[in-house]
Amino acid sequence: MFPSSSATGPRFLRPFTATAPRRAMAACTGAPSDPPMQQSSPTKAVRVVVKGRVQGVFFRDWTVEMARSLGLAGWVRNRRDGTVEALLSGDPDKVDEMVSRRIPVGPPAAVVTAVVPSPAEPVSPDDGFHRKPTA
């Protein structure tokens, strides 16, 4: 038994409760019991169909290069009707830049006559950006 500072017997302190210190510690460390924090930026996804002279002019390779340079995820593919289809997912400003500024111009040999965007479900950034087979 531990020595007592009192000659009359052991002193009893308040019972130790770990809940208050744990709550304070959890608030500092971001423990799993805390609600999730919004650290990641919002993600936007757009599916686009590109019309014009867009097949046979390296449009898909150019799209892969541009999307990767912007840090976007998704895919691009030729379609049997002669159009190119792409899913662009990532930072909203970067997606908008791709849809409104880059795709309408395309690679040097392309002649884009229309870009038809529609909303889509975002894909994981871990998927990267790649070519898919013709649909």
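Is Val116 buried, partly exposed or exposed? At 39% relative accessibility, Val116 counts as partly exposed, where buried means under 20% relative accessible area, exposed over 50% and partly exposed in between, with a 1.4 Å probe and protein chains only. Before we go on, please note that this is a predicted model, in which local features need pLDDT of at least 70 and side-chain atom pairs count only at pLDDT 80 or more, while totals for chains, interfaces and linings use all residues. Residues are numbered from 1 along each chain as its sequence is written, and side-chain values use heavy atoms, with hydrogens and water left out.

Val116 lies in strand β4, residues 111-119. Helices (H or I, at least four residues) and strands (E, at least two) are DSSP runs, numbered from the N terminus. Contact here means heavy atoms within 4.5 Å. Leaving aside neighbours within four places in sequence, Val116 is in contact with Arg47, Val48, Val49 and Lys51. The C-alpha atoms of Val116 and Val50 are 6.4 Å apart in space, although 66 residues separate the two in sequence.

Now let us turn to helix α2. Buried residues of α2 are Phe59, Trp62, Thr63, Val64, Met66, Ala67 and Leu70. Their cover includes β1 (44-53), β2, β3 (84-90), α3 (92-102), β4 and β5 (129-131). Take Thr63 as one of them: its relative accessibility is 0%, so Thr63 counts as buried. Beyond its neighbours within four places in sequence, Thr63 is in contact with Val76, Met98 and Phe129.

Phe58 lies in the loop between β1 and α2, and Phe58 is exposed, with a relative accessible area of 64%. Its phi is near 65°, a positive value in a residue other than glycine. For context, most residues other than glycine have a negative phi. After α2 comes Gly71, whose phi is also positive, near 80°.

Which residues form the aromatic pair? Phe59 and Trp62 do, in a tilted arrangement with 5.6 Å centre to centre and 50° between the planes. A search of the whole structure finds 1 such pair. Rings of Phe, Tyr and Trp (its six-membered ring) pair if their centres lie within 6.5 Å; planes under 30 degrees apart count as stacked, over 60 as edge-to-face and the rest as tilted. Because they are 3 residues apart in helix α2, Phe59 and Trp62 are separated by about one helical turn.

Finally, UniProt places the feature "active site" at Arg60 and Asn78, in an unreviewed entry. These residues cluster in space although spread over 19 residues of sequence, the largest C-alpha distance being 7.6 Å. UniProt positions are given in the numbering used here, feature names are shortened, and annotations may be inferred rather than shown by experiment. Arg60 lies in helix α2, whereas Asn78 is found in strand β2, residues 73-78. Asn78 is buried, with a relative accessible area of 10%. A polar contact of 3.4 Å joins the side chains of Asn78 and Arg60; such a contact is a pair of N or O atoms within 3.5 Å, and within protein one must be able to donate a hydrogen and the other to accept it, with residues adjacent in sequence counting only if both atoms are side-chain atoms.
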